[in-house]
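Hi,

Here's the structure I said I'd pass on to you.

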Amino acid sequence: MLDEIIEKLRSEVGYVPEANEVLFDIDEEEKETELCHHSRKLAIAFRFLNTSPGTTICIVKKLRVCEDYHTATKLISFVYNREIFVRDPVRFHQFRNGNCSCMDSW
């Protein structure tokens with residue numbers, strides 16, 4: 001499911017993972033792969049498999065949201081017409097129609 005989500009984001013809205021955030025000493029293609037299989041993105045894909053279309057999704061993690069995940073989640077909320085709530089230690093994010101409640105000032 002996650003691969004389907006990423007492919008749809010790439011084809012419909014031109015999503016490209018922000019590889020500059022990966023601090024490992026690996027090539028660019030591996031960095032993109034690591035970003036595409038981020039644990040929060042896996043959580044969203046899991047909820048897609050276990051909920052009906054249009055159902056609100058809620059994700060809670062102990063780590064702060066990274067820029068790539070924030071961008072991807074905004075796009076997922078737009079492309080799939082889903083409301084997604086994400087709680088990290090610093091802020092609560094509400095993604096709806098390609099926008100976030102933090103107005104990108106996190």
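Lys74 sits in helix α4; helices here are DSSP runs of H or I with at least four residues, strands are DSSP runs of E with at least two, and both are numbered from the N terminus. Before going on, note that this is a predicted model, where local features need pLDDT of at least 70 and side-chain atom pairs count only at pLDDT 80 or more, while totals for chains, interfaces and linings use all residues. Residues are numbered from 1 along each chain as its sequence is written, and side-chain values use heavy atoms, with hydrogens and water left out.

Is Lys74 buried or exposed? Lys74 is buried, because its relative accessible area is 16% and buried means under 20% (exposed is over 50%, partly exposed is in between; 1.4 Å probe, protein chains only). Its side chain makes a polar contact of 2.9 Å with the side chain of Asp104. A polar contact is a pair of N or O atoms within 3.5 Å; within protein, one must be able to donate a hydrogen and the other to accept it, and residues adjacent in sequence count only if both atoms are side-chain atoms. If you skip the neighbours within four places in sequence, Lys74 is in contact (heavy atoms within 4.5 Å) with Phe95, Gly98, Asn99, Cys100 and Asp104.

Now for the strands, which pair if DSSP finds at least two bridges between them. β1 (residues 57-60) and β2 (residues 84-87) are parallel, with four bridges, and Ile57 has Ile84 as its bridge partner in β2. Between β1 and β2 the chain passes through helix α4 (residues 67-79), making a right-handed β-α-β crossover. Right-handed means that, with the strands pointing away from the viewer, the path from the first strand over the helix to the second runs clockwise.

β2 also pairs with β3 (residues 92-96), antiparallel this time and again through four bridges. These two form a hairpin with four residues between them; Val86 is bridged to His93, and Ile84 stands opposite Phe95.

Cheers
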